[in-house]
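Open the model in your viewer and keep the selection panel at hand. This tour goes from the whole chain to its sheets, then to a core, a helix and a loop.

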Amino acid sequence: MDLRGDYLAAALELEAPPATVGCESCKHSFFEYRCQDCFPCAFICRSCCLKNHRNQPFHKIEKWNGKCFIPADLLSLGLVLHLGHQGNICPAPNSEKARAALRIIHPSGVHIRHVQYCECKDAPNRAVQLFRHRLFPATFEKPETAFTFSVLDHFYIDAMECKTSASSFFTKLKRLTSNAFPQDVPVSLFSSNANAKLSILILRIEAETSCESLDNGVTCRLESGLDGDIPPMDPQATETLLFSAPPALSLE
Ligand SMILES: [Zn+2]
Ligand SMILES: [Zn+2]
Ligand SMILES: [Zn+2]
């Protein structure tokens with residue numbers, strides 16, 4: 001049975017616009033976007049796309065340009081991640097001044113998002129605010145890059161099960177961000193030896209924290225020093241590196 005024709009037609013259909021031009025969500029605007037990660041994939045307008053992704057800020061969206069779907073980004077739609085108030089705007093006066101761009105490393109790739117920090121009287125510092133939202137800041141002072149806990153978990157599993165080095169893992173993330181032009185991904189994590197050490201260190205902290213929960217009698221590869229790509233952790237070096245993180249990790 002030859003099914004090639006059926007699958008080819010179905011694959012081509014995926015690249016076609018919907019039969020109607022209306023937003024499938026609000027029904028009163030023209031559709032402009034669709035999301036590769038939402039299920040089911042709906043054709044929606046700009047405001048519905050923003051509304052639907054308030055809690056899914058790392059989804060990959062596409063825009064219809066009249067001829068085909070092209071990659072788009074939630075950043076360009078004006079998505080802002082509000083910290084400290086369950087995703088709502090901080091009521092503190094002048095809280096908009098606490099808005100900053102943040103580079104976020106996630107299993108789906110490298111994302112730049114606008115983050116609005118909580119400016120309430122009793123609000124913790126920015127690094128702690130990020131941590132409370134499961135974002136591990138690359139630096140504790142003026143963080144401009146953060147790793148989601150999810151990407152740290154992914155690296156831990158990859159390192160343990162697939163022997164993936166930190167460098168290869170990061171290359172994978174760049175490919176996921178832009179498969180055609182990975183060199184253009186605006187990240188300089190490995191631009192210097194110090195930065196490389198810092199990023200590996202952050203991943204190691206998460207990995208070793210996870211190792212403490214191993215109770216199956218298996219010696220952790222990280223603790224046993226068998227992982228060639230991740231050097232054993234030196235507590236003194238940890239402190240030095242974490243508190244003297246170079247600004248090269250910041251947005252350029
Ligand atoms: Zn709509
Ligand atoms: Zn989505
Ligand atoms: Zn607040």
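## The whole chain

Among contacts in the chain between residues at least 6 apart in sequence, 52% join residues at least 24 apart. Two residues are in contact if their C-beta atoms, placed from the backbone, lie within 7 Å. This is a predicted model: local features need pLDDT of at least 70, side-chain atom pairs count only at pLDDT 80 or more, and totals for chains, interfaces and linings use all residues. Residues are numbered from 1 along each chain as its sequence is written, while chains are lettered from A and ligands numbered from 1 in the order in which they are written.

Colour by secondary structure. The chain has eight helices and nine strands. These are DSSP runs, numbered from the N terminus: helices are H or I with at least four residues, strands are E with at least two.

Now colour by burial. Of the 252 residues in the chain, 25% are buried. Buried means that 20 or more other C-beta atoms lie within 10 Å of the residue's own; exposed means 12 or fewer, and partly exposed is in between, with C-beta atoms placed from the backbone.

## Stop 1: the four-stranded sheet

Select E1 to E4. They form an open sheet in the order E2-E1-E3-E4, with antiparallel pairing. Strands E2 (43-44) and E4 (69-72) stand at the edges with a single partner strand each, so one side of each is left without a neighbour in the sheet. Two strands count as paired if DSSP finds at least two bridges between them.

Zoom in on E1 (residues 33-35) and E3 (residues 61-64). They run antiparallel and are joined by three bridges. Arg34 stands opposite Glu62 in E3.

Move on to E4. Four bridges join E3 to E4, again antiparallel. Ile61 has Ala72 in E4 as its bridge partner. The two strands form a hairpin with four residues between them. Select Gly66 in the turn: its phi is positive, about 100°.

## Stop 2: the five-stranded sheet

Select E5 to E9. This open sheet has the order E5-E7-E6-E9-E8 and mixed pairing. E5 (80-82) and E8 are the edge strands, each pairing on one side only. Neighbouring strands of this sheet are turned by 40° against each other on average, direction ignored. Axes here are lines fitted to C-alpha atoms, for helices over the stretch in contact, and angles run from 0 to 180 degrees between N-to-C directions.

Start at E5. Three bridges join E5 to E7, and the two run parallel. Val80 has His114 in E7 as its bridge partner.

Next, E9 (residues 145-148). Strand E6 (residues 99-106) pairs with E9 in the parallel sense over three bridges. Arg103 is bridged to Thr145. E8 (residues 135-137) joins E9 through three bridges, running antiparallel. There, Leu135 has Thr148 as its partner.

Which way do the E9 residues point? Thr145 and Phe147 point one way, Ala146 and Thr148 the other, and all are buried. In a regular strand the side chains alternate between the two faces of the sheet.

## Stop 3: the largest nonpolar core

Select Ile105, Ala146 and Phe147. Of the 23 residues in the largest nonpolar core, these three touch the most other members. Such a core is a set of buried Ala, Val, Leu, Ile, Met, Phe, Trp, Tyr and Cys residues joined through C-beta atoms within 7 Å. E6, E7 (109-116), E8, E9, H4 (149-162) and H5 (166-177) each supply at least two residues of this core. The largest share, four residues, comes from H4.

## Stop 4: helices H4 and H5

Show H4 over the sheet. H4 lies across E6, E8 and E9, at about 65° to E9. H5 lies across E6 and E7, at about 75° to E7.

Look down the axis of H4. Its buried residues are Val151, Leu152, Phe155 and Ala159. They cover an arc of only 105° around the axis, which puts them on the same side of H4. That arc is taken from the directions from the helix axis to the C-beta atoms. The face turned away from the buried side carries the exposed residues Glu161 and Cys162. Step on to Lys163, which follows H4: its phi is positive, near 55°.

## Stop 5: Pro143

Finish in the loop between E8 and E9, at Pro143. Is Pro143 buried or exposed? Pro143 is buried, with 24 other C-beta atoms within 10 Å. Leaving out residues up to four places away in sequence, Pro143 touches Arg126, Ala127, Leu130, Pro137 and Ala138.
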